[in-house]
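Here is a short briefing for a first look. Please keep the sequence and the 3D view open while reading.

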Amino acid sequence: MVMEVCLRKKKWTFVLTPYRIILGIVAILFISSNMVLYRSSMFVIQKPQETPNSLLDARQKENRKITTRMSASHRNFSKTVKTFSSSFLRPDQINDVSRNISQNRFSLEENAELKLESNSQYFWKEGTIKVLEEFIKQLEINRTRKERKKLLSDAIQIIKSKKKVVDNNTSASFRWSIVRLKNPLKKSYQVGDRFRVTIHLKDQLGRNIPRGGDVLRIWMKEASTYSNVNGVIIDNGNGTFSGEVLLPWAGQPTIYVALSHTREAVQSVTKAINKYGVLNKMFALFENNEKTAKESVPCGPLPVFSLDEKRMCNLTRQNYGYRWFSARPSSEKLSCDDWTAIRGTNNITVPDRVANRIRYTQHQLIGEGIQITVKGDRGSIMKKNTTLCSRRPRENAWKEPTPSGFFYQNKWKITTCHSDLTQTVRNYHKCLLGRHLMIMGDSNTRSFVMMVTDMLQMRYRTRPMPVGSWHEFTFAENQYNNSVSWYPHESPFFANFFIPKYKLQPISKHLDEIGAGNNSVIVIHLWGHFMRIPYDVFRIHVRKIRNSVENLLMRSPDVDVVVKGPHAMTYYDWITPVDSIWQEHKKIWFDEFKGLHDKVLFLNFWDMAVGTENVDIHPSWQVVMSQMHVLMEYLCDNSYK
């Protein structure tokens, strides 16, 4: 229906359409609602209106449900809201509720800003709305408390399942750590005194480290006289270390302190070794008799390749009873009995980023060297010990204090005994006359063989031993009844090429093959290759050697058994924490050879390598000659005429 209204005076026509009708109604409602709100905001109620009982009962039931979700300390507050739901509050009611709430340690003022006047009988609607909003907020908090508790529990489980994040800033820093003298007022020292310092380790941010576990070195040297000596470091367990150095010669030496390995580096490498069984990855070669199939697979002393025995080879029986496992070859033509050779690699089981961090933090000097003055006549050194080394009780060598000796003018001086044996061909020939020198170990004992054969002019009865590469069994002798042999130790042997497994026979097997009435000098050394396997695996090897040595000494009491101890190094790319591992290896040797300390000689060459600042896994020729001469000093009484 269309209605037209003609306005003759203004001469224009207004058409009323349904759309305009709806728009007008909306406008009227909007204006009227604003007027109501404006009047209600300014309207004052002096007496609350009454609510029908049915409606009040329904509201009470609803509020009762709400109240059960709240804690006891908030129930008075819920009563306030009940009153709000039926009417506005008078000032006296609000004051009473506030007093009850304050007794329950719930501050209404902290949750709503009410504009009240104590003598006023009016209460503005604006304040009521604020209280209601705060109540709704508190209601939501109480209603979701169980849900929040469940979320918190789930978050804790997620955090526990995540890998631990290591804060590298908490590791020790050689740049920020401090070396302090224990007696800074002392200006000079005497020969035989001890120089003491305290090292305070700091982390990467310069903060004090509150725990121990890091590994340090301290040593002294004087380049002008070619002299050096190793010191002692004691971990106090609180981030501080006590260092002490013996002053065996007069001069102006310099003391150095270095951070060898951080605690985190030791833990990272040890964790990788214990997890994978090796630090450097190893491979076993399988080849059938028909030479039609060949395959190399990972191997090691721990069964870490698969939990399924069908996918793993247990090579322990073929490895002379020592634990050894590998992945099963994928070729159907190969079986576990086709294992023929073994090799090592330069690939490590530590992540690259961790390995790089270790390389840049290990063996770093803490501060500058400390130069001191040791008074005494030129060339004066400590007095010689009166005990002859060849007659020194063997058990004393197992408990030898640091330092076991020192270099002075390029000659090694033993501090716990003395010997007048000079390093000559005649003395070595006479000392070893009629005795076979049997050396077993790795390339660091092979250097002994090379030195002896060259010095005593021996001829190889096997293929000549090459310089710098691995070799199999070697035997040499001369016309003066001197002979020497060398055997590589058992697996693990980390050569960069495949070695037939029959060439890597255990040291214990070679000892068991020595007959009765023998008078050989036997040197045993396990270090460079065994520092890359777990400690418990190393202990098994030492224990079997100990049992074989005990049986050998029973049938051949004239045999001299010598254990060549580890030596230090600081090679950059070698991330193995050698300073920490040698302490564990020394303890294992000591524990397993209990009962034989008085019959077996232990040679500690660690001090010799630290003092000379040895870098490589193979010490310098000067150190090798000094090590060999120490062995001869313990075997021979004196120089021969």
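Which residues line the largest cavity? They are E400, S404, W412, I414, F602, L603, N604, F605, M608, V630 and Y634. The model is predicted.

**The whole chain**

- The chain has 641 residues, and 46% of them count as buried.
- It contains 17 helices and 28 strands.
- Among contacts with a separation of 6 or more, 74% join residues 24 or more positions apart.

**Cavities**

- Five cavities of 30 Å³ or more are found in the structure.
- The largest cavity has a volume of about 80 Å³.
- Three elements each give at least two residues to the lining of the largest cavity: β20 (411–414), β28 (600–603) and α17 (621–635).
- By residue class, this lining has eight nonpolar residues, two polar and one charged.

**A loop residue: P401**

- P401 sits in the loop between α10 (394–398) and β19 (405–408).
- The relative accessibility of P401 is 48%, so P401 counts as partly exposed.
- V232 is 169 residues from P401 in sequence. In space, the two C-alpha atoms are 9.4 Å apart.

- Side chains of opposite charge can pair when their charged atoms come close.
- The whole structure has 24 salt bridges.
- R194, R196 and E244 are linked in a network of salt bridges.

**Salt bridge D203 and R207**

- D203 pairs with R207 in a salt bridge. Their closest N and O atoms are 2.7 Å apart.
- Is D203 buried or exposed? D203 has a relative accessible area of 4%, so D203 is buried.
- R207 has a relative accessible area of 40%, so R207 is partly exposed.

**Salt bridge K503 and E472**

- The side chains of K503 and E472 form a salt bridge, with an N to O distance of 2.5 Å.
- This pair links distant parts of the chain, 31 residues apart. K503 is in the loop between β25 (499–500) and α13 (507–512). E472 is in the loop between β22 (459–460) and β23 (474–477).
- K503 is partly exposed because its relative accessible area is 24%.
- E472 has 21% relative accessibility, so E472 also counts as partly exposed.

**Salt bridge R539 and E592**

- R539 and E592 meet through their side chains in a salt bridge, 2.9 Å from N to O.
- R539 lies in helix α14 (residues 535–555) and E592 in helix α15 (residues 578–592), so the pair ties together parts 53 residues apart in sequence.
- R539 counts as partly exposed because its relative accessibility is 24%.
- E592 is buried because its relative accessible area is 12%, and buried means under 20%.

Key. Residues numbered from 1 in each chain as written. Predicted model: local features only at pLDDT ≥ 70, side-chain atom pairs only at ≥ 80, totals over all residues. Heavy atoms only, no water. 1 Å grid on protein atoms, 1.4 Å probe; cavity = no way out; pocket = protein on both sides within 12 Å on 5 of 7 lines; lining within 4 Å. Points joined across faces, edges and corners; volume = space filled by probe spheres on them. Helix = DSSP H or I, 4+ residues; strand = E, 2+ residues; numbered from the N terminus. Nonpolar A, V, L, I, M, F, W, Y, C, P; charged D, E, K, R; others polar. Buried < 20%, exposed > 50% of the residue type's maximum accessible area, 1.4 Å probe, protein only. Contact = heavy atoms within 4.5 Å. Salt bridge = Lys/Arg side-chain N within 4 Å of Asp/Glu carboxyl O.
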